[in-house]
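This note sets out a number of points for the colleague who will work with the model shown below.

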Amino acid sequence: MIRLVNVCKSFGSQQVLSGLNLDIPDRAVYVVVGVSGAGKSCLLKHLIGLMRPDSGQVWIDDIEITSLGRRALNRVRNRFGMLFQGGALFDSMSVYDNVAFPLREKTRKSEAEIRDKVHERLFQVGLAGVDAKFPSELSGGMRKRAALARSLVSDPEILLFDEPTTGLDPIRVNAIHRLILDLHQMLDFTAVIVSHEIPAVFSLATHIAMLHGGVIVESGSPSALQASDNPIVRQFMSGQLEGPIDVY
Amino acid sequence: MLRFVRSCGRLTLGTLREMGRMGIFLGTTLVDIFRPPLQGGQLVRRIYFIGSRSLLLIVFTGAFTGMVVALQGYIALRRFGGEEALGPMVGLSLIRELGPVLSALMITARAGSALTAELGIMRITEQIDALEVMALNPIKYLVVPIFLAACITFPLLNSVFVTVGIYGGYIVGVELLGGSSGAYFTQMSSAADSSDIWMGVYKSLSFGVIVAWVSCFKGFYAAHGAEGVSHATTQSVVMCAVLILVWDYFIGSVLV
């Protein structure tokens, strides 16, 4: 269980999270939606200690991570994987080396074991045979899948996705969503996905929450959110310019 | 008036904050140097990048620096009938001063700027965050090898610069201008002692630390996209050049 309690974060005079509370159950596919700049990526970075809140608590099971030192935090991070918005693949390494990197650096596996694991993950994300290519030689969708293979290679319990489909066409958006669902069923991790792909995320999520004004304004099942009469949620779902969300 | 005082205060606070962050960054890096394991592959890669790939530039600039010093020195010394002092003049000025400073400035321009840009791009494309998510220490993984490589390569490149410069000076002072071949090397070896050589080594070593420190810091904390990386790279080169010259005076005063 991941729990955020009254988390506040500001950058200078700009308050991004203002007393945010959120519970994410184990093995859920939890999608957080919200307008661009609402603080979704910021929220995700708090879950893994890349950002520390100005106040509030972040619990991963029974560990409160905001006050942990580097070593203890790294022990918690070993349970996580993260797919960054742009993939964050190391551009000086081939796809194979990128996926093998966490295993080489953090485990004592033999090169043969690493090879088997890397090929298994690359096969699962549909990238068998691209081992020798460099990130710059891949399309946007392939880069995301290679990054997904890297984040899965350490068998994480919790996988964070920072806008995994941004910049992709609708077919590839659906393909990535299907891939996440298949992998979730296969590997049984908790997925926390930040996205604004409406309505595509409804078929993906087991739980969904909307972040606006630094707080979760609505959360529940996808069908509950679709039926919400909260004017903020309604405007976001419909994409209308008029409403409580200040577009400009 | 109030606006002026406010902007002065903001500038002072900003500078102090930046100095504090740089100090913490240096301290963290120095501590991480002694934390195993050593990233051997990264270290070799960085030695190749900073050292081997700067070699041609160092040979070229070292040769011409020695030639210019010999040319101007010969003209000046001839006025006093002291042409035989050309060897010591070229040797000492290269060993004590010009070698460490100019080689450091050249490496800053070639490698320091590239290191800042590389780390800056890694920062803005979240590759550094990815290392942290993998529970790896990015300073240990990225910065420590650069520090160690700079400490190894700067003194070596300095010695290449000085050696080539001395032979460049020999070509101009002896072969072209007709100075005494014997006097050039004999006078030089009797005038320069080991303390001069150690001064050059200490200087180039400390310049290596400065260049690695500033280049890595500016790249590591680059922000705001491509423009931010460009800004960080410019700042890094300017700050390295200024710090090299300022530190050269202070270390020269202490080691004189």
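How are α6(B) and α8(B) oriented to each other? The numbered points below begin with that pair; the model is a predicted one.

1. Helix α6 (residues 138-176) of chain B and helix α8 (residues 194-220) of chain B have axes that come within 8 Å and cross at roughly 140°. Angles over 145 degrees would count as roughly antiparallel, and those from 65 to 115 as roughly perpendicular; α6(B) and α8(B) are therefore oblique to each other. The crossing of α6(B) past α8(B) is right-handed. On the α6(B) side the contact includes B:V143, B:I146, B:F147, B:A150 and B:F154, and on the α8(B) side it includes B:G200, B:V201, B:L205, B:F207 and B:F220. Sorted by class, the residues of this contact are 16 nonpolar and 4 polar, with no charged residues.

2. A second pair in chain B is formed by helix α3 (residues 55-79) and helix α4 (residues 86-124), which pack at an angle of about 145° with their axes 9 Å apart. Here too the crossing, of α3(B) past α4(B), is right-handed. Among the residues that meet are B:L57, B:I58, B:T61, B:V69 and B:L77 in α3(B), and B:L86, B:M89, B:V90, B:M106 and B:R110 in α4(B). The contact of α3(B) with α4(B) divides into 13 nonpolar, 6 polar and 1 charged residues.

3. Helix α4(B) also packs on α8(B), at an angle of about 15° and with the axes 8 Å apart. That angle makes α4(B) roughly parallel to α8(B). The crossing of α4(B) and α8(B) is right-handed. By class, their contact has 14 nonpolar, 10 polar and 6 charged residues.

4. The C-alpha trace of chain B spans about 65 × 55 × 30 Å along its principal axes. Of the 256 residues in chain B, 43% are buried. Among contacts in chain B with a separation of 6 or more, 88% are between residues 24 or more positions apart.

5. Two loop residues of chain B deserve a check of their backbone geometry. The peptide bond joining B:P36 and B:P37 is cis, with omega about 0°, and B:P37 is found in the loop between α1 (2-33) and α2 (40-50) of chain B. B:E126 has a positive phi near 65° although this residue is not glycine; B:E126 lies in the loop between α4 and α5 (127-133) of chain B. B:E126 is buried, because 22 other C-beta atoms lie within 10 Å.

6. The position of A:R27 is in the loop between β2 (14-24) and β3 of chain A. A:R27 has 13 C-beta neighbours inside 10 Å and so counts as partly exposed.

7. Strand β3 (residues 29-33) of chain A holds A:V32. A:V32 is buried, because 27 other C-beta atoms lie within 10 Å. Leaving aside residues up to four places away in sequence, A:V32 touches A:K40, A:L43, A:V194, A:A209 and A:L211. A:V32 and A:H207 are 175 residues apart in sequence, yet their C-alpha atoms are 8.7 Å apart in space.

8. Helix α5 (residues 140-152) of chain A has 13 residues and reaches 18 Å from its first C-alpha to its last, close to the 18 Å expected at 1.5 Å a residue. This helix, α5(A), is mostly covered, with 10 of its 13 residues buried. The buried residues include A:R143, A:K144, A:L148 and A:L152. Elements that cover the buried residues of α5(A) include β6 (80-83), α3 (95-106), α4 (111-124), β7 (158-162) and α6 (170-187) of chain A.

9. Between the two chains, 14 residues of chain A are in contact with 10 residues of chain B. On the side of chain A that touches chain B, α2 (70-77), β6 and α3 of chain A each supply at least two residues. The largest share of that side, 3 residues, comes from α3(A). By class, the residues of chain A on this side are 8 nonpolar, 3 polar and 3 charged.

Key. Residues are numbered from 1 along each chain as its sequence is written. Chains are lettered from A and ligands numbered from 1 in the order in which they are written. This is a predicted model: local features need pLDDT of at least 70, side-chain atom pairs count only at pLDDT 80 or more; totals for chains, interfaces and linings use all residues. Helices (H or I, at least four residues) and strands (E, at least two) are DSSP runs, numbered from the N terminus. The expected span of a helix is 1.5 Å times one less than its number of residues. A residue is buried if 20 or more other C-beta atoms lie within 10 Å of its own, exposed if 12 or fewer, and partly exposed in between; C-beta atoms are placed from the backbone. Two residues are in contact if their C-beta atoms, placed from the backbone, lie within 7 Å. Ala, Val, Leu, Ile, Met, Phe, Trp, Tyr, Cys and Pro count as nonpolar, Asp, Glu, Lys and Arg as charged, and the others, Gly among them, as polar. Axes are lines fitted to C-alpha atoms, for helices over the stretch in contact, and angles run from 0 to 180 degrees between N-to-C directions. Angles under 35 degrees count as roughly parallel, over 145 as roughly antiparallel, 65 to 115 as roughly perpendicular and the rest as oblique. A crossing is left-handed if the near helix is turned anticlockwise from the far one by less than a right angle, and right-handed if clockwise.
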